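This report looks at how two chains meet and then at the surroundings of a single residue.

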Amino acid sequence: MFGLLGKKAGMTQIFSTDGEMIPVSVIQLGACQVVSKKTKKKHGYSAIQLGFLPVKEKKLSKAELGKFKKNNLSNYKLLREFRLEENFPLAEGAQVTANVFQVGDMVNVRGLTKGRGFQGVMKRHGKHGGPASHGSDFHRRPGSIGMRTQPGRVNKNMKMPGHMGDETVTIRNLEIVGVRVEDQAILVKGAVPGSRGSMVEIYLPDPKLAQREAFKVS
Amino acid sequence: MGLIEKINQENLRKDLPKGLRPGDSVRVHCRIREGDKDRIQIFEGIVLQIHRGSVGASFTVRKSSYGVGVERVFPLHSPSIDRLEIVSKGRVRRARLTYLRKLSGKAARIESERNITSDVVVEEAAASA
């Protein structure tokens, strides 16, 4: 599926034309240059590889640099691949701009959620806990975790306390409410995973994508 | 300027009267959607409090309607506000006039500050000159 890389710039609110307030996440698109193309013949699958976060030459190893030198590209810190048909109209070195997105598109956004550390069962799984007062000694505990000698063990996948966050999450079907070509940024309705400044992958699941105006130019 | 700040600035309304304060009497001309037609309704009352903060700013207006107190919170920068008129400036000593909720009739009046009003007029005249 086609996708681009971006940096979560943060959230704000905008107004729709009929005065309704819309919560939006602002995603600043990365350099979005096609670093290389994988082909079925050579690699066993077809994909485009995009670079994110330009870096100085001295920050990379020779092996990493070779990749960029070969095609005369700028250097990137991070690379991500998106599986695509081989005939997709994007050549190596091509630069993708924000105008591949259109207002009204539904996208999936994937990112690494904020780490929350070791959390109890109420925050982590939304269990209700016990009453706060009236002499209750049962506040934020999980309650019973099983039966008795039959089955004599705790069921698998029992919701228990533990580490929360810092996992890759995809939020599906987020509507694009704004495209800012001059800023290389898009506005997405709702929240996306991660802290401000963290990298997100934006997937655009449109089967007719290759026919869009934006790709005809590049 | 950061990207978020830039987007916020574009979404702010610049046509609203300056110097809205708690205690002011205002007339809010708000657009109301009925089917596919717009209608303008006027809500007139006293500004109880202003919640500041970029695009998310809002203000609360209280009025008494047939003896029943009615409060409405308006998003300050919403396009659903057609026009905002400051009818008179009030002299108050608090940022949040929640004490008005307990009062009614004569006790709920607010002393109007004529000096401020004339100041504003003078400023506006100076600005347009």
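## Interface and a buried glutamate

Across the interface of chain A and chain B, four residue pairs are found in polar contact, both residues of each pair being at pLDDT 80 or more; the model is a predicted one. On the side of chain A that touches chain B, strand S1 (3–15), strand S2 (21–29) and strand S10 (185–189) of chain A each supply at least two residues, and the largest share, seven residues, comes from S1(A).

The contact draws 18 residues from chain A and 15 residues from chain B. Between them the chains bury about 1,200 Å², with 65% of that area on carbon and sulfur atoms, and in chain A the residues that lose the most area to chain B are A:Thr12, A:Phe15 and A:Arg180, which together make up 40% of what that side buries. The count of salt bridges between chain A and chain B is two.

A:Glu201 belongs to strand S11 (residues 199–203) of chain A. With a relative accessible area of 11%, A:Glu201 counts as buried, because buried means under 20%. Apart from neighbours within four places in sequence, A:Glu201 is in contact with A:Leu4, A:Leu5, A:Arg80, A:Phe82, A:Asn108, A:Val109 and A:Arg110.

Terms used:
Residues numbered from 1 in each chain as written. Chains lettered and ligands numbered in written order. Predicted model: local features only at pLDDT ≥ 70, side-chain atom pairs only at ≥ 80, totals over all residues. Heavy atoms only, no water. Helix = DSSP H or I, 4+ residues; strand = E, 2+ residues; numbered from the N terminus. Buried < 20%, exposed > 50% of the residue type's maximum accessible area, 1.4 Å probe, protein only. Contact = heavy atoms within 4.5 Å. Buried area = accessible area lost by both parts, 1.4 Å probe. Salt bridge = Lys/Arg side-chain N within 4 Å of Asp/Glu carboxyl O. Polar contact = N/O pair within 3.5 Å; in protein donor to acceptor, adjacent residues only side chain to side chain.
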